[in-house]
Amino acid sequence: MDTEERHGAAESAPVRAVKGAAPASAVVRGRPVIPRQPLWVEEPALRRRMPDPVRKAAVRAVLILSLTVIQAMVAFLSTVTGSWLAFPMVLSGVASTVGATWSVLDVWVTRQVWNQRNGVVSMPSSSARQLRRERRRARRAARTEQRDGARIRRRSESRKLSRA
């Protein structure tokens with residue numbers, strides 16, 4: 001079967017077959033219609049998404065590192081060919097290497113600062129964990145009160161209805 005035949009079969013197929021709802025035994029023009037599969041299946045992420053400031057620093061670091069590698073390659077190739085551009089490129093390559101190192105350190109520092117400010121600390125005696133525990137307890141107490149209040153309201157409403 002060539003491309004035109006396949007497109008012709010797909011165009012004349014019922015709408016439900018295109019959407020993937022047709023049974024596997026559906027037949028159009030004597031040929032079985034295979035339900036379309038989705039292009040991708042969403043799966044839950046294995047790790048949490050990086051915080052925005054850390055992600056920005058990481059993207060910045062990757063861009064600076066890639067430019068540094070390109071610059072190092074140009075410096076190497078111009079040195080091999082004996083070009084006049086070799087010396088300025090080597091000097092700027094050294095400077096960009098320092099900048100790339102700084103950008104990688106910036107990612108690390110930004111991540112540490114974010115963790116400290118937002119309470120993601122892995123020590124058991126962390127004050128952040130204690131705060132989270134207290135917040136959880138408060139939320140649970142609020143939910144319990146809300147449930148009890150709703151239960152009391154339902155009971156009083158049902159009594160009124162049964163008396164009427």
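Which residues are linked in a network of salt bridges? In this predicted model, R49, D52 and R55 are joined in such a network, a salt bridge being a side-chain nitrogen of Lys or Arg within 4 Å of a carboxyl oxygen of Asp or Glu.

Local features here need pLDDT of at least 70 and side-chain atom pairs count only at pLDDT 80 or more, while totals for chains, interfaces and linings use all residues. Residues are numbered from 1 along each chain as its sequence is written, and side-chain values use heavy atoms, with hydrogens and water left out.

| Pair | N to O distance |
|---|---|
| D52 and R49 | 4.0 Å |
| R55 and D52 | 2.3 Å |
| D106 and R60 | 3.1 Å |

R49 is exposed, at 68% relative accessible area, whereas D52 is partly exposed at 43% and R55 is partly exposed at 23%. Buried means under 20% relative accessible area, exposed over 50%, and partly exposed in between, with a 1.4 Å probe and protein chains only.

The remaining pair to describe is a salt bridge between the side chains of D106 and R60. D106 lies in helix α4 (residues 86–118) and R60 in helix α3, so this pair ties together parts that are 46 residues apart in sequence. D106 is partly exposed, with 25% relative accessibility, and R60 is likewise partly exposed, with 43%.

Key. Helices (H or I, at least four residues) and strands (E, at least two) are DSSP runs, numbered from the N terminus.
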